[in-house]
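The stops below go from ring to ring, then to a sheet.

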Amino acid sequence: MASEDTAPADFSALVNEDGKNKTNVKCDRCGSLILKSTNSDYDTTEFVLPLAKQKRQPVEQVAEEFTTETLKDFWMVKDMYTFENIGFSNTVDNRKYLTCADCEVGPIGYHDLETKKSYIALARVKHE
């Protein structure tokens, strides 16, 4: 699996004094509302997500290798019904990838089937 590590970003301006999202969380592509403000908790769990846009690979490698990115800044949502708009992929290794339900861009995060918690990568959405 190829990996692209990103430089650490400072998301402190997006987190309120209670550790929740200060602003609405929206799809970076279409602007659809994903989460309303104060509906998620800031979490620094590290997770490797596939990139939304994959680099072209020879046909024999397509099913075997995805370009990934290691992220560690997430909005953690305890109840999937908290979302205003979210799509879920098929199950992969006891997790489901999360996408925008309107334009299907993603993955923007993941849902852990064991804990029932969802994680939205701050770097993959916009905050307004």
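How many aromatic pairs does the structure hold? It holds five, where rings of Phe, Tyr and Trp (its six-membered ring) pair if their centres lie within 6.5 Å; planes under 30 degrees apart count as stacked, over 60 as edge-to-face and the rest as tilted.

This is a predicted model, in which local features need pLDDT of at least 70, side-chain atom pairs count only at pLDDT 80 or more, and totals for chains, interfaces and linings use all residues. Residues are numbered from 1 along each chain as its sequence is written, and side-chain values use heavy atoms, with hydrogens and water left out.

Select Y42 and W75. Their rings are edge-to-face, 6.1 Å centre to centre with 70° between the planes. Y42 is in strand β4 (residues 41-43) and W75 in strand β7 (residues 74-77), 33 residues apart; strands are DSSP runs of E, at least two residues, numbered from the N terminus. W75 is buried at 0% relative accessible area, while Y42 is partly exposed at 29% (buried means under 20%, exposed over 50%, partly exposed in between, with a 1.4 Å probe and protein chains only).

Next, select F47 and Y110. This pair is stacked, at 3.7 Å centre to centre and 20° between the planes. F47 is buried at 14% relative accessibility, and Y110 is buried at 3%.

Last, show the open sheet of three strands, ordered β3-β2-β12 with antiparallel pairing (two strands pair if DSSP finds at least two bridges between them). Its edge strands are β3 (33-35) and β12 (125-127). In β2, find K26, which stands opposite L33 in β3.

How values were computed:
Helices (H or I, at least four residues) and strands (E, at least two) are DSSP runs, numbered from the N terminus.
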